[in-house]
Amino acid sequence: MRKFQFSLLILALAAMSLGFAQAVQKGKDKSASTGNQAAHVFVTPDQVKWGPAPPSLPSGSQLAVLEGDPSKAGAPFAIRAKLPDGYRVPPHWHPTDERIVVLQGTLGMGVGEKFDPAAGHELPVGSYALMPKEMRHFVWAIGETVIQVSGTGPFEVNYVNAADDPRKAASK
Ligand SMILES: [Cu+2]
């Protein structure tokens, strides 16, 4: 049984890195005219490739990588997440700063170790949020909500209550 769970985890991780690798292909051509070695990125809306969210997030959301590899430590990344109406991410924290722009819908967001929308904020389209590393917070979606998250990897989700971790639930 343990072995089975472990292989599931490996599969999930492999799927994640595949998804990331695919996205990283974009914008690899270098600017010859300026000699600038940094890769540039242009992503039009039709080029955003949605896939299932990583197992660290509750199921039902979708994720697209716009830039970089969110699993890589010390490297910048930008991703989008599409959250269905009523979607929730219970109190959690990240090892790095999380920067969010709301592109569609309304993102509810609050700070603290208890999921309490009454103590949170409703962020409509155009809103920006910065959640410093290790700060406990929670989010919920009002209407189908699309957010852009950028920061420096690794993008990891740690739950305040172990029971909220979908990775734990999946291995039950
Ligand atoms: Cu978060």
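Good morning, colleagues. The structure before you is a predicted model, in which local features need pLDDT of at least 70, side-chain atom pairs count only at pLDDT 80 or more, and totals for chains, interfaces and linings use all residues. Residues are numbered from 1 along each chain as its sequence is written.

Let me begin with confidence. The term pLDDT denotes the predictor's confidence in each residue, on a scale from 0 to 100. For the protein chain the mean pLDDT is 86, and 76% of the residues reach 70 or more. Residues 28-34 have a pLDDT below 50, and beyond near neighbours in sequence this stretch has six contacts in the model. Two residues are counted as in contact if their C-beta atoms, placed from the backbone, lie within 7 Å. Where pLDDT is low, the predicted coordinates should not be read in detail.

I turn to the overall layout. The protein chain contains two helices and nine strands. Both are DSSP runs numbered from the N terminus: helices are H or I with at least four residues, and strands are E with at least two. Along the sequence the pattern reads α-β-β-β-β-β-β-β-β-β-α. Of the contacts between residues at least 6 apart in sequence, 68% join residues at least 24 apart.

Next, the strand pairing. Two strands are said to pair if DSSP finds at least two bridges between them. Strand 1, residues 51-52, pairs with strand 2 in the antiparallel sense over two bridges, and Pro52 has Gln62 of strand 2 as its bridge partner. Strand 2 in turn pairs with strand 3, again antiparallel, over five bridges. Here Gln62 stands opposite Lys82 of strand 3.

Which strands are joined to strand 8 by bridges? Strand 3 runs antiparallel to strand 8 and is joined to it by eight bridges; Ala78 stands opposite Ser150 of strand 8. Strand 4, residues 88-93, is also antiparallel to strand 8, with three bridges, and His92 stands opposite His137.

We come now to the interior. A residue is buried if 20 or more other C-beta atoms lie within 10 Å of its own, exposed if 12 or fewer, and partly exposed in between, with C-beta atoms placed from the backbone. Of the 172 residues of the protein chain, 24% count as buried. A nonpolar core is a set of buried Ala, Val, Leu, Ile, Met, Phe, Trp, Tyr and Cys residues joined through C-beta atoms within 7 Å. In soluble globular proteins, nonpolar side chains tend to be buried together.

The largest nonpolar core has 23 residues, of which Ile79, Ala81, Leu107, Val139 and Ile147 touch the most other members. Strand 2 (62-67), strand 3 (76-83), strand 5 (98-111) and strand 8 (137-152) each supply at least two residues of this core. Strand 8 gives the most, with seven residues. Taking Ala81 as an example, and leaving aside neighbours within four places in sequence, its contacts are Ala53, Ser61, Leu63, Ile147 and Val149.

Is Leu83 buried or exposed? Leu83, which lies in strand 3, is buried because 26 other C-beta atoms lie within 10 Å. Not counting residues up to four places away in sequence, Leu83 touches Ser61, Ala141 and Thr145. The C-alpha atoms of Leu83 and Ile142 are separated by 9.0 Å, although these residues are 59 apart along the chain.

His40 is in the loop between helix 1 (2-24) and strand 1, and counts as exposed because 12 other C-beta atoms lie within 10 Å. The C-alpha atoms of His40 and Glu67, 27 residues apart along the chain, are separated by 9.2 Å.

Glu134 belongs to the loop between strand 7 (128-131) and strand 8. Glu134 is not a glycine, yet it has a positive phi of about 70 degrees. With 11 C-beta neighbours inside 10 Å, Glu134 is exposed.

The peptide bond leading from Gly153 to Pro154 is cis, with omega near 0 degrees. Thank you for your attention.
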